[in-house]
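Open the model in your viewer and keep the selection tool at hand. Each stop below tells you what to select and what is there.

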Amino acid sequence: MTIKVIENKFCSEQLVRFSYCDPAGIVFFPQYFIMFNGLVEDWFNQGLGLDYAKYITEHRLGFPVVSINCDFIAPSRMGERITLGLKLEHMGKSSLKLGVTCEYKGEQRVQAHLVLVAMDLDKARAVPLPEDLRSLMTGFQNGKFDINQFDE
């Protein structure tokens, strides 16, 4: 898996695995939602330099998706190396709006908008984003992160 940041977009190259596909060999649409969730985790871990699991288990702060809008433009096929992209489009008091894309060799396959909410896992209610997290996300949004770990 190749991870890189292009300006203020977190990108992750992923292999389309057999387990993601239907009998026709194309990605079964709900699998994209699983990939998007993994992309958010990777963004926290590699893009923001945080431990996503620790946020949930120790800080008891979760980030459930409360809204998703998704357009499936073209199929992705088993064996392809697709690129998932994540861009922080808006930060509210407790919410994040993320733009997510899936491309293969420059061809758009899927485009989605996700809204996540910071949630106190013990009280099961929305809470304001912690200031340290907000600061990291603002830096990312402004293109101040250089995590590129790949060879051109």
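## Stop one: a glutamate and its contacts

Select Glu-80. Leaving aside neighbours within four places in sequence, Glu-80 is in contact with Gln-14, Leu-15, Val-16, Tyr-104 and Arg-109; contact means heavy atoms within 4.5 Å. This is a predicted model, in which local features need pLDDT of at least 70 and side-chain atom pairs count only at pLDDT 80 or more, while totals for chains, interfaces and linings use all residues. Residues are numbered from 1 along each chain as its sequence is written, and side-chain values use heavy atoms, with hydrogens and water left out.

Glu-80 sits in the loop between β4 (65–72) and β5 (81–91). Helices (H or I, at least four residues) and strands (E, at least two) are DSSP runs, numbered from the N terminus. Is Glu-80 buried or exposed? Its relative accessible area is 11%, so Glu-80 is buried. The cut-offs are under 20% relative accessible area for buried, over 50% for exposed, and partly exposed in between (1.4 Å probe, protein chains only).

## Stop two: a three-stranded sheet

Select β3, β8 and β9. These 3 strands form an open sheet in the order β3-β8-β9, with antiparallel pairing. Two strands pair if DSSP finds at least two bridges between them. β3 (61–62) and β9 (125–126) are the edge strands; each has a single partner, so one side of each is left without a neighbour in the sheet.

Zoom in on β3 and β8 (residues 119–120). They pair in the antiparallel sense over 2 bridges. Here Leu-61 stands opposite Asp-120 of β8.

## Stop three: the aromatic rings

Rings of Phe, Tyr and Trp (its six-membered ring) pair if their centres lie within 6.5 Å; planes under 30 degrees apart count as stacked, over 60 as edge-to-face and the rest as tilted. The count by this rule is 11 aromatic pairs.

Select Phe-29 and Phe-72. Their ring centres are 6.0 Å apart and their planes at 75 degrees, so the pair is edge-to-face. Phe-29 lies in the loop between β2 (9–15) and α1 (30–47), and Phe-72 in strand β4, so the pair ties together parts 43 residues apart in sequence. Phe-29 is partly exposed at 46% relative accessibility, and Phe-72 is partly exposed at 41%.

Next, select Tyr-32 and Phe-36. This pair is tilted, with 6.3 Å centre to centre and 35 degrees between the planes. Both residues lie in helix α1, 4 residues apart, about one turn of the helix.

Finally, select Phe-28, Phe-29, Tyr-32, Phe-33, Phe-36 and Phe-72 together. Ring pairs link these residues into a cluster.
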